[in-house]
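I opened the model to look up two things. The chain contact comes first, then one annotated position.

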Protein chains: 4
Amino acid sequence: MEVPVRLSGFVPPLCTPFTAGGDVDTGSLRRLVEHLLAGGASALFALGTSGEAAHLTAGQRRTVLRTVVEAADGRVPVLAGVIDMTAPRVLEHARDAAEAGADVLVATAPFYTGVHPGETAEHYRRIRAGSGLPLLAYDIPSCVHSKLPGDVLLSLAAEGTLAGLKDSSGDTNALRRLLVERRRRGLESAFSVLTGSELTVDAALLMGADGVVAGLGNVDPAGYARVYRQARAGRWDAAVAEQDRLARLFALVEAGKGVSWTASAIGGFKTALRLLGVIDCAATAPSLGALGEEGERAVRELLVEAGLL
Amino acid sequence: MEVPVRLSGFVPPLCTPFTAGGDVDTGSLRRLVEHLLAGGASALFALGTSGEAAHLTAGQRRTVLRTVVEAADGRVPVLAGVIDMTAPRVLEHARDAAEAGADVLVATAPFYTGVHPGETAEHYRRIRAGSGLPLLAYDIPSCVHSKLPGDVLLSLAAEGTLAGLKDSSGDTNALRRLLVERRRRGLESAFSVLTGSELTVDAALLMGADGVVAGLGNVDPAGYARVYRQARAGRWDAAVAEQDRLARLFALVEAGKGVSWTASAIGGFKTALRLLGVIDCAATAPSLGALGEEGERAVRELLVEAGLL
Amino acid sequence: MEVPVRLSGFVPPLCTPFTAGGDVDTGSLRRLVEHLLAGGASALFALGTSGEAAHLTAGQRRTVLRTVVEAADGRVPVLAGVIDMTAPRVLEHARDAAEAGADVLVATAPFYTGVHPGETAEHYRRIRAGSGLPLLAYDIPSCVHSKLPGDVLLSLAAEGTLAGLKDSSGDTNALRRLLVERRRRGLESAFSVLTGSELTVDAALLMGADGVVAGLGNVDPAGYARVYRQARAGRWDAAVAEQDRLARLFALVEAGKGVSWTASAIGGFKTALRLLGVIDCAATAPSLGALGEEGERAVRELLVEAGLL
Amino acid sequence: MEVPVRLSGFVPPLCTPFTAGGDVDTGSLRRLVEHLLAGGASALFALGTSGEAAHLTAGQRRTVLRTVVEAADGRVPVLAGVIDMTAPRVLEHARDAAEAGADVLVATAPFYTGVHPGETAEHYRRIRAGSGLPLLAYDIPSCVHSKLPGDVLLSLAAEGTLAGLKDSSGDTNALRRLLVERRRRGLESAFSVLTGSELTVDAALLMGADGVVAGLGNVDPAGYARVYRQARAGRWDAAVAEQDRLARLFALVEAGKGVSWTASAIGGFKTALRLLGVIDCAATAPSLGALGEEGERAVRELLVEAGLL
């Protein structure tokens, strides 16, 4: 029940390529894994929000995870999102993830249901106790509509329930306080902090975060790996310049018009991946709106501007 | 693919009784069905928010639904909640529900993921097309964090996708506009509107709603059936007096302190049901906080005040 | 310091007509007063949200209030909005309102600053103590971003701080609980409850509200006066039919495209008033966007459909 | 109409000391100005949110501003908050500020009323045109409940309406995109960006912000001046260490229990200033709750821990 390694570095949250018919495209997914490892990923995070996990059935999730674990082939750890409303449902995904060979689980706060700090703590304890794997908390208020409180996270770290955090809250003030308090409590080696804010990775690393989970890293993994390396080396000007380039590229998440932000952002990533030749088809989940020709043109221009195409 | 009957009247959203060990307590659930039918329910809604569907695994949901269908034994229609994040996942619950013998499905807007009106329409079309059952939209912004737009609902009604609405939005202004527009478009017989606002059932019926889905109706089904009958008979003073009594009883949803609203509200309902001898155990889902002795005392006093104990 | 009369009936929140140059158009305002009194208003509410009070300087507010008081000439009471962020600032408006001859003050919760129930209570106590006039609470979360808690309101009523409530929260469940609790505490004659939800006036009166403050009542005062009279007479079918007609007319608040809801709603009211010949110019406050020709056409069609033009 | 100097460095948003009787304590305010200038402030920002401007009458605001301008005596520029709901009201404060000798105005988005990007632009144009002073936008969604869009800000900068931004949104992702886009459009010298996020000043400076407006800087101005100098010198480790210390000290904003966040945060700052001997009385605005003895003890301990007492 020990966390195998302290997580750090660039950990991309993999998109889930689909065929035109809406099935998981395992061939494209394998190519995506190679693309990310070639780019310098230090671990792979499957079935996160960028992976459209909310749109995948349990069977499709198993397919994704088995494909990623097999393709990774032990070269880096594989983190598995186990996104569902409450602990009993999360635990079913956790069992599937363990069977598929995942190394670490990543679970959000409860959603759809009401939340309260004590109940959120109990939620994580049940997930941790019911699965044999290290557990990261996934703080993503834009999806679950509550924020994980820093003191709850650190208490859960101290008791061995949580091995770390993927912080997609965008709340940099809360992140700062968490990092300062983590050190005060001597939890730096026990509790990894990964930022999910792909526009401010340099800042998060400056403040003491251990690594980065960036959806845009699907498109330009080498860019994010460089930000990480430059920051670790204290070459802050270079890290900032690279991050600035990526911040400009991030505009591809707005390529979709008249669609949800999910459709636009993930549609933007997938369109870029298709244009780069990594995946075969840019389709997102069935109910999501498409980018259309104009959106694709915008993505192409941004890739050219970023020097990727 | 026709809606069998136009839904109306009092349709309780059944609580899901648990054993002390956390399993679905089918014996208590059967007694709850009898309690509700004796009270005058015109249909039964299983696996809604009050049924803690968010906390139930797919297997537990099947158990609940089979038990309710069997206990109802054709006396009234059974509506099945198919609460999940997106259409592909909802459809798996829909198949289970059809197999278990449910008569109608009840599905929320997408959640966790981004939403957009066009994508929400597509979401419902896919659920309708992929299942053989009439479909109600379940508008519950407090859980899914978006509001179903009235014009989308009525367009989906006009095209035969939706057979009705359970409106738990609490947005009475939007309800009014929907009811007025429903009549303008001649959709009154095609699209049932059930209010889920248990404190304003008289008002909703005055405005033209067809029926009521009230969590508090688990505790006092006869009360809600009376509100409905008095309103239908135009005895508004009597309907209001009954609803006022129920509004006071509703305070039992606040019996829990230091717990989530879900824990407090459903804990309040279940504690009342146990005190009334309907179910054996008041436990809510595993991660939820308990009401404690003080909470139980508050519930007991409210039951006495309401003349139920 | 006594409340002169218990407020009830139809109390329109007056629009503030402007000249094309952006000054308060006192001639049009006087005609509006006559229009509303002829329509059956039982009191007049100046300087509310519909009166664009947020856009008026202290001097303009004084002009509006003096004009309305003079035009009303004692025929009905005049309520004065004293909308500002905190008690010290509200009190300056309160002094102006008293000087201008207002009969009742209407004050929101604090805004811009943080709020807490105890501080909100203190806020109202200071306003009441520092002015010589009866005080209504104005519950409008869409503008001030907090909801006035029912128990705070009733405690302030019991101690003599508040004489009533204008409820523009749209939260019908909270309104029901307030009305039930008001009776339990024997505060019905001490604390008037006026609904500001112009689409559900029949429902609010059914539930026990005393009157209605409806922005749309600027356009069709006679309609709202009829809803009130029919409801008071227990002719619920007639009240509902009238309210349904008004609910349809309410679509004029959506006449503006590419503008804020304030610009669209108040622009819709003012355009209707100009088309009806009541005011000279439909201009809203300087920074607000205009309805344009298309918007004006939509308003005209709705007036025709409602039988007003 | 030119901006006199490009704003940068540490710009404290001054607290407004009160006497026990609730008047502006001009003697304490003058001592606060000296405290801040001695600490290294490069400009002074009066009448911001930390200055309880929402709680001050127009007369009190004039007193504050005249006192600060006089005390500053030309040593540094003085920025004046002109916080009010809409342009016509803001302009009255702007005239007072100009008369009092302020150098720059700082204005929020409209609030209480609805907002729309085009109307927000018009709002700033009217304020700029109606006053003779350079204008900063004040982005503070926690108070005004809308976020200033980056493209609107930069367009207003390009046309000469805005000279800069005080960003208190806490939205670091939006800040990054704004800074990157500012450079793309060649607006770096025309448009100053000051962060109001006192926990992440090092990060904001790394990303390219020009300066910092930090409420906590009232208490420890020298600390913030050091963060700024170390960052400008590229000594990032030192900047981070200093910011970490200040992040810990920031806990004094939570010293109040059972009060609003405004009462707790500003009460925390003022209590610290009193304990440090800078101001005479820690009272906040009349309706706000007090910290009490326990709160004062917590503040004292944090000052000791930070090496300030």
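**Entry 1: the contact of chains A and B**

I counted the residues in contact (heavy atoms within 4.5 Å): 42 come from chain B and 42 from chain A. In chain B, Arg89(B), Tyr112(B) and Glu119(B) supply 24% of the area buried against chain A, more than any other three residues. The area buried between the two chains is about 3300 Å², with 56% from carbon and sulfur atoms; buried area is the accessible area (1.4 Å probe) that two parts lose on being put together, summed over both.

This is a predicted model, where local features need pLDDT of at least 70 and side-chain atom pairs pLDDT 80 or more, while totals for chains, interfaces and linings use all residues. Residues are numbered from 1 along each chain as written, chains are lettered from A and ligands numbered from 1 in the order written, and side-chain values use heavy atoms, without hydrogens and water.

I found 2 salt bridges across the interface (a side-chain nitrogen of Lys or Arg within 4 Å of a carboxyl oxygen of Asp or Glu). Arg89(A) forms a salt bridge with Asp84(B), with the closest N and O atoms 2.9 Å apart.

**Entry 2: Val213(A)**

I looked up Val213(A), which UniProt lists under "binding site" in an unreviewed entry; such annotations may be inferred rather than shown by experiment.
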